[in-house]
Amino acid sequence: MLVMIKSAPDTTDGALGLTLAKESGADLILLQNGVYFGQKERLGAVSGAVYVLDDDKRLRGLKDSEMDDRVTIIDYDKMTDIITGGEKVAGMF
């Protein structure tokens, strides 16, 4: 399963998406303001793969050195491959 989070960590939607990913062991794609979840010590016990959209990360002034070690930086083409290659996308939060 794949969960996509576009909302910031301080929002109800963002927190709900992260909780769903943690409880279900889903992979995460973080985009728009959701990229802030990729910062060190924000992911908590996420067990699935974590992807951060590079353009959104850069637009928000985040550096690779600020990202959690579990994060893989991806571009739009890779995001499309991940979305279309999986069984189910749970939703965008």
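My entries follow, starting with the ground rules.

**Ground rules.** This is a predicted model, so I took local features only at pLDDT of at least 70 and side-chain atom pairs only at pLDDT 80 or more, while totals for chains, interfaces and linings use all residues. Residues are numbered from 1 along each chain as its sequence is written, and side-chain values use heavy atoms, with hydrogens and water left out.

**Strands.** I took helices (H or I, at least four residues) and strands (E, at least two) as DSSP runs, numbered from the N terminus. Strands pair if DSSP finds at least two bridges between them. I looked up β1 and β2: they run parallel, joined by four bridges. V3 has L28 in β2 as its bridge partner. Between these strands the chain passes through α1, and the β-α-β crossover is right-handed. That means clockwise from the first strand over the helix to the second, with the strands pointing away from the viewer. Next I checked β2 against β3: three bridges, again parallel. Here L30 is partnered with V52 in β3.

**Packing.** I counted as a nonpolar core a set of buried Ala, Val, Leu, Ile, Met, Phe, Trp, Tyr and Cys residues joined through side-chain atoms within 4.5 Å. Buried is under 20% relative accessible area, exposed over 50%, partly exposed in between (1.4 Å probe, protein chains only). The largest core has 17 residues, and V3, I5, L18, L28, L30, L43 and V50 touch the most other members. β1 (2-5), α1 (12-24), β2 (27-30) and β3 (50-53) each give two or more residues to this core. A second, separate core has nine residues, L2, M4, I74 and M79 among them. I then followed I5. Beyond four places in sequence, its contacts (heavy atoms within 4.5 Å) include G14, L18, L28, L30, F37 and F93.

**Charged pairs.** A salt bridge here is a side-chain nitrogen of Lys or Arg within 4 Å of a carboxyl oxygen of Asp or Glu. I found six. Which residues does K57 pair with? K57 meets D54 at 3.4 Å, N to O, and D64 at 2.8 Å. K57 and D54 sit three residues apart in helix α2 (residues 54-59), so about one helical turn separates them. K57 is buried at 3%, whereas D54 is partly exposed at 21%. D54, D55, K57, R58 and D64 are linked in a network of salt bridges. I also noted R60 with D56, closest N and O atoms 3.9 Å apart. R60 is partly exposed at 26%; D56 is buried at 7%.
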